[in-house]
Amino acid sequence: SLSLFDDFQLKDVTMRNRIAVSPMCMYSSEDGFPTDWHLVHLGSRAVGGAGLVIVEATAVSRDGRISPADSGIYTDDHIEPFARIARFMQQHGAVSGIQIAHAGRKASSKKSWEGGAHIDTSDGGWETIAPSAIAFGGKLDKVPNAMTLDDIARVKQDFVAAAERSLAAGFQWLQVHFAHGYLAHEFYSPLSNTRTDQYGGSFENRIRFMMETFEAVREVWPQRLPLTVRLSVTDWVKGGVTLEESIELIRRLKSAGLDMIDVSHGMIVPDHSNVPAEPGFMIPDAARIRRDVDIATTTSWMINSPEQAERAIQKEQLDMVTLGRAMLRDPYWPCHAAEKLGTAKASDLLPIQYARAV
Ligand SMILES: NC(=O)C1=CN(Cc2ccccc2)CCC1
């Protein structure tokens with residue numbers, strides 16, 4: 001049976017194991033530019049043995065950033081700083097990935113450790129856009145401007161340009177952010193989208209922005225490289241998106257050329273007290289999607305132990321595990337997992353400079 005430390009090939013890209021570092025916001029950029037922090041943060045997780053390292057949610061436009069400190073790839077000047085990071089990760093055996101994103105009505109907010117509230121336009125914040133003029137709520141109470149058809153066309157083009165820049169920077173793996181209550185999810189969910197034009201109302205209309213954006217990105221992203229999507233498959237709320245709807249959406253994305261789905265959830269409303277919070281709680285839904293749609297599948301959320309990860313791969317619930325906080329705590333998680341499971345050698349994962357260490 002499959003194992004965590006088996007190779008994983010998707011299109012022309014082969015990962016040395018089935019362990020990915022989740023895209024995690026660092027809120028450490030100035031005008032979108034990655035810094036030494038990003039080189040060390042991401043580089044060390046490539047050195048630590050991950051099969052794939054995905055750069056955090058990187059904004060497709062200045063106003064699409066969650067916070068003023070978000071990374072961005074909205075100008076050609078961003079390409080080389082990211083290229084340096086992609087090169088380093090690949091030189092140390094990891095596949096280099098990047099997630100491109102637009103924050104929608106959650107944009108113009110403070111860093112998470114500064115409370116995450118909206119920033120007033122008088123305080124360096126900016127006007128936000130979304131499918132409808134409905135605020136997220138809580139401390140993100142800014143009412144966004146409902147997008148015109150011109151706005152929609154511009155943002156789709158911003159995603160295409162961001163994909164082209166990601167390719168130019170040398171990334172091998174692209175993830176489009178359709179989850180976590182950001183712009184694309186705001187079109188998908190009836191809780192945030194009350195439009196009466198062709199982008200709102202019916203399921204077809206609510207997925208239109210995602211389908212058009214995905215198809216446009218697929219056009220410019222080479223067929224030989226993996227193109228993936230992170231999707232909130234359920235809103236956990238009555239009247240929100242459901243797993244059944246999401247399975248149909250993923251089927252259509254697969255027909256449009258989706259190579260892998262990264263199954264996430266929620267964040268379209270401020271309250272998540274009803275969300276189950278036990279280890280690996282998204283794995284069963286991910287396994288159902290993998291089977292029903294027959295598509296390469298990964299998920300994250302409270303996957304912490306090597307045994308738990310190994311079991312999800314062996315039972316063919318997932319093709320790859322995506323680790324977030326576990327990787328923040330331990331960049332060498334893959335090496336430590338190899339030692340604990342005994343199914344791979346840390347010395348095969350570590351760079352030659354560290355070979356004498358194990
Ligand atoms: N860009 C994203 O998708 C983000 C997801 N977050 C939710 C989250 C917070 C903590 C733990 C897991 C997920 C945090 C803010 C940025």
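This report covers the ligand site and the salt bridges of a predicted model.

## Basis

Local features need pLDDT of at least 70 and side-chain atom pairs count only at pLDDT 80 or more, while totals for chains, interfaces and linings use all residues. Residues are numbered from 1 along each chain as its sequence is written, and side-chain values use heavy atoms, with hydrogens and water left out.

## Ligand site

Around the ligand stand Cys25, Tyr27, Ala57, Ile66, His177, His180, Tyr182, Met267, Trp301 and Arg325 (a heavy atom within 4 Å). This shell comprises seven nonpolar residues, two polar and one charged (Ala, Val, Leu, Ile, Met, Phe, Trp, Tyr, Cys and Pro count as nonpolar, Asp, Glu, Lys and Arg as charged, and the others, Gly among them, as polar).

Polar contacts are N or O pairs within 3.5 Å. A polar side-chain atom of His180 is 2.6 Å from an oxygen atom of the ligand. For His177, an N or O atom of the side chain is 2.9 Å from a ligand oxygen atom. The ligand exposes 390 Å² when taken alone, and the protein buries 65% of that (Shrake-Rupley method, 1.4 Å probe).

## Salt bridges

The structure contains 19 salt bridges (a side-chain nitrogen of Lys or Arg within 4 Å of a carboxyl oxygen of Asp or Glu). One of them pairs Asp76 with Arg165, with 2.9 Å between the closest N and O atoms. The two residues are 89 residues apart and link distant parts of the chain: Asp76 is in the loop between strand 4 (52–59) and helix 2 (79–91), and Arg165 is in helix 3 (residues 149–168). Helices (H or I, at least four residues) and strands (E, at least two) are DSSP runs, numbered from the N terminus.

Notes. Polar contact = N/O pair within 3.5 Å; in protein donor to acceptor, adjacent residues only side chain to side chain.
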